[in-house]
Amino acid sequence: MYPYTDEFIAKDENLRFLRENMMGPNAMRMAEEMAEHLKLEPGMRVLDLGSGRGLSTLLLAKKYGTCVFAADLWIPPTENYERFKALGIDDKAVPLLADATKGLPFAEGYFDVLFSVDAYHYFGDTEEMLPSLLPFVKKGGTIAIAIPGIKYEFGENVPEEMQPFWVEEVARTIHSLAWWEQLWRKEKGMEIVDIREMRCCNQAWDEWHTSTWPGIEEDIAMRKAEDGKYYNLIQLVARVL
């Protein structure tokens, strides 16, 4: 199911690259699973929104031959450009600095696909976000999002073992599949065509916990505490009307 990701990390130097560049559950594996549900073709313009250090960008450019606009708020474009050159995808990947909450610098109807892995939950938890993004995707195009989630909403009843980790930012951004579906169904400019828990959940989290990210120990402790009872990964795919 994950031929590109598995082949990529089978090489020691690539595995080191992955561990040095993950910023959450393995975005390459998440991207590959979600991409299976899309009709990606060479030359398509894809907005990889919240691309981080380019793991999803690499998958989209190498496996599918799409032209990827790698937009991120946290990673400087020059840093990603150097990374893309080293990966041999600088002819297919355009690094950009962008803040989705403040508007995006693109023409309306420019993209075939808006694709986002392990990022949308940080900025997309309001009713205003989807209407602000839809104009950049052509009619009949696709919005595809993969994010960390939980199996049900905690509300005021946060499980005891999760309370040390359930800080304000986590409580604001991490929600259930049902919560996201309810939010997305309010937007009339698109049609949800797929929403599901992702199969790569445990594997993507396990790989993340081998990363060199500062403070990874707290994430490892959190996952040990939740023991598979609460966290999942969520995929949402919609067609623009």
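Guide: A residue counts as buried here when its relative accessible area is under 20%, as exposed when it is over 50%, and as partly exposed in between, using a 1.4 Å probe and protein chains only. The model is a predicted one, in which local features need pLDDT of at least 70, side-chain atom pairs count only at pLDDT 80 or more, and totals for chains, interfaces and linings use all residues. Residues are numbered from 1 along each chain as its sequence is written, and side-chain values use heavy atoms, with hydrogens and water left out.

Visitor: Is Cys 200 buried or exposed, and what makes it so?
Guide: Cys 200 has 1% relative accessibility, which puts it under the limit, and it is therefore called buried.

Visitor: What makes S1 and S2 a pair, and in which sense do they run?
Guide: Strands are DSSP runs of E with at least two residues, helices are runs of H or I with at least four, and both are numbered from the N terminus. Two strands pair if DSSP finds at least two bridges between them; S1 and S2 are joined by 5 bridges and run parallel, with Val 46 bridged to Val 68 in S2. S1 (residues 45-49) also pairs with S4, in the parallel sense over 3 bridges, and there Val 46 stands opposite Val 113.

Visitor: What is the order of the strands in the sheet, and which are called edge strands?
Guide: The 7 strands form an open sheet of mixed pairing, in the order S3-S2-S1-S4-S5-S7-S6. Strand S3 (93-97) and strand S6 (190-197) are the edge strands, since each pairs on one side only.

Visitor: Why is S4 described as largely enclosed?
Guide: S4 is called so because 7 of its 7 residues are buried. S1 is mostly covered, with 4 of its 5 residues buried, and S2 is likewise mostly covered, with 5 of its 6.

Visitor: Which strands does helix H5 touch as it packs on the sheet?
Guide: With contact taken as heavy atoms within 4.5 Å, helix H5 (residues 77-87) touches strand S2 (67-72) and S3.

Visitor: Which helices supply at least two residues each of the lining of the largest pocket?
Guide: They are helix H6 (120-123), helix H8 (168-173), helix H10 (201-208) and helix H11 (216-226), and H11 gives the largest share, 4 residues.

Conventions
Axes are lines fitted to C-alpha atoms, for helices over the stretch in contact, and angles run from 0 to 180 degrees between N-to-C directions.
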